[in-house]
Amino acid sequence: MIKKFINRLLGKTDSGNSRRASPFGKREDVPVQVHGIDPQLVDQRALDVVHTLKQAGHEAYIVGGAVRDLLLGLRPKDFDVATSATPEQVKGLFRRAFIIGRRFRIVHVIYGRGREHEMIEVSTFRAYLDSADAEQVAGNERTSKGQLAGMTHAVDASGRVLRDNVWGPIEHDAARRDFSINAMYYDPESQTVVDFHHGIRDAKKKTLRMIGDAVTRYREDPVRIIRAVRFAAKLNALGFQFDPKTREPLVASRNLLADVPQSRLFDEMLKLLQTGHALASIEQLKAHGLANGIYPLLDVVVQRADDPFVKLALQDTDRRVGEGKPVAPSFLLACVLWADVRKGWSQRLQPRPNQRPTPPVAALQDAVDDAFDARIGDVSGRGKLGADMREIWMMQPRFDKRVGSSPFSLVDQARFRAGFDFLRLRAQVGEVEEELAHWWETFQHASDEMREDMIDAQRRANLAKPGGPGAARRVKRSDAEHPVNAPAPDPRFRPVAGAENGEEDDAPESDGPTDAVPSDGTAPAKKRRRRRRKPTGAPRAEGGSGGDGPGDPG
């Protein structure tokens with residue numbers, strides 16, 4: 001206090017304290033003549049959300065990465081809105097709106113239904129609060145759930161923010177965002193960009209700069225390390241580079257990720273790999289010393305990125321995102337872990353002394369279980385993602401069966417297309433024959449008649465193959481059909497010539513002795529007695545069995 005008073009008398013200012021006391025920057029309202037954003041690139045639904053909020057008397061802006069992309073002349077894939085309205089007020093203005101999250105409470109406003117739906121994420125302006133003033137808990141989100149339930153601003157022992165739901169003005173909200181190019185606010189009605197931290201300048205200079213002290217910001221939320229890599233990967237093709245003060249603490253701050261819940265790291269990993277820049281993200285991880293230590297499964301992806309099969313899967317994912325097609329994390333992760341599954345499957349199929357061979361399907365199931373236990377654990381292995389991965393893997397042996405009803409049932413499976421795409425990549429790297437993938441590509445798009453013809457042709461091809469179902473094979477002495485293993489005929493029932501036509505044996509009886517013993521030592525055959533037929537219409541002997549013949553009494 002005395003030092004501050006003396007400095008004030010002498011006309012001096014403490015620049016360091018001044019910066020800490022005023023982290024909010026200076027507001028600049030930049031007109032369209034300067035920023036040059038094309039309003040045609042703005043999504044109509046985002047415009048509707050902003051208009052509705054402003055009509056209700058609230059401030060509302062398009063914010064974040066959408067503004068950055070608009071400045072660069074790109075059409076954003078996602079639009080976020082920031083507003084002065086609380087989550088409850090936002091929810092009350094829209095018919096289909098849902099409040100989500102605990103750490104950051106936000107609102108999802110939904111337009112459309114099914115796969116064609118679009119979501120606009122709406123967040124409330126948050127206050128800029130010093131972590132030293134926040135409530136502190138000793139544990140994390142799980143161990144301190146009871147304490148956190150009644151808190152709006154809380155941190156753990158390392159300074160990581162666990163709750164951040166204190167509302168404030170727009171300048172506070174801008175100061176608590178991560179990168180300067182993500183801290184700009186665009187009003188589509190007035191076409192004005194509100195800039196507090198020289199975001200437009202950094203966008204023009206193609207610089208990724210963290211707002212405030214980078215070390216402190218990484219400590220507040222270590223996931224910003226992964227976000228930094230994701231932004232660098234996305235914008236690297238446009239020439240963006242890290243500001244040195246933002247890049248230097250990345251590796252040293254990596255250990256902070258150990259306190260982040262595994263489920264959140266898993267979600268951030270999927271964002272890193274499914275934004276259309278998976279290969280570029282892996283290159284950025286390697287370039288900045290983050291190839292390992294972020295998340296165990298991500299480490300596996302980075303290690304195997306140069307494997308032909310995994311690389312094809314990453315390229316395929318980037319291509320689909322670029323074409324606006326949906327991508328499933330289950331498919332990409334199934335490709336990454338296929339080496340583990342295939343190795344375990346092969347080992348279980350190896351014959352073992354004095355043991356029956358393991359059935360192929362059972363061996364594959366065991367290999368899948370081992371891969372989940374070793375690589376994924378409890379994060380997502382037991383959910384829908386894990387079930388989809390299992391289905392893709394278990395479908396692979398079924399592609400070898402191309403006769404009977406199996407192809408029809410397989411092509412009707414809900415996950416058939418994912419399983420086929422997996423097979424197609426296997427064929428591209430030479431793991432299976434290209435002809436197999438081509439056959440299934442044709443079969444899935446063919447008519448029922450053509451499918452029947454394809455199956456008939458495949459059946460004939462199987463019969464013609466050496467060792468196929470119809471090919472002659474050598475009968476071993478141990479086989480049941482070998483002649484030495486055939487049962488001896490019962491001598492009591494000798495074949496009778498003409499018996500199959502209903503004729504009687506009229507051959508003369510043997511003149512040999514009836515009790516003669518055959519040379520092979522078996523019991524003598526009983527002599528067959530002949531029964532003579534009576535002429536048709538002859539009367540039966542008295543006392544015989546009754547019937548409807550002409551000789552029976554009426």
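Residues are numbered from 1 along each chain as its sequence is written, and side-chain values use heavy atoms, with hydrogens and water left out. As this is a predicted model, local features need pLDDT of at least 70 and side-chain atom pairs count only at pLDDT 80 or more, while totals for chains, interfaces and linings use all residues.

Let's start with the sheet. Strands of a sheet pair through backbone hydrogen bonds, either parallel or antiparallel. Here, eight strands line up as E1-E11-E10-E2-E3-E6-E5-E4 in an open sheet with mixed pairing. Strands (E, at least two residues) and helices (H or I, at least four residues) are DSSP runs numbered from the N terminus, and two strands pair if DSSP finds at least two bridges between them. At the edges sit strand E1 (28-30) and strand E4 (97-100), each pairing on one side only. Neighbouring strands are turned by 30° against each other on average, direction ignored; axes are lines fitted to C-alpha atoms, and angles run from 0 to 180 degrees between N-to-C directions.

Strand E11 (residues 192-195) runs antiparallel to E1, and three bridges join them. Asp29 has Val194 as its bridge partner, and Val30 has Val193. E11 also pairs with strand E10 (residues 184-187), again antiparallel, over four bridges, with Tyr185 standing opposite Val194. The E10 and E11 hairpin has four residues between its strands, and Gln191 takes a positive phi near 55° there. Both faces of E11 are covered: Thr192 and Val194 are buried on one side, Val193 and Asp195 on the other. Buried means under 20% relative accessible area, exposed over 50% and partly exposed in between, with a 1.4 Å probe and protein chains only.

Now for the helices. Helix H24 (residues 448-464) has 17 residues and reaches 25 Å from first to last C-alpha, close to the expected 24 Å; the expected span is 1.5 Å times one less than the number of residues. Its buried residues are Arg451, Met454, Ile455 and Gln458. These cover an arc of only 95° around the axis, so they lie on the same side of H24; the arc is that of the directions from the helix axis to the C-beta atoms. They pack against helix H21 (406-411) and helix H23 (434-445), where contact means heavy atoms within 4.5 Å. The face turned away from the buried side carries exposed Glu449, Arg460 and Ala464.

In helix H13, the buried residues include Leu265, Phe266 and Met269. Among the elements covering the buried residues of H13 are helix H11 (224-236) and helix H20 (384-395).
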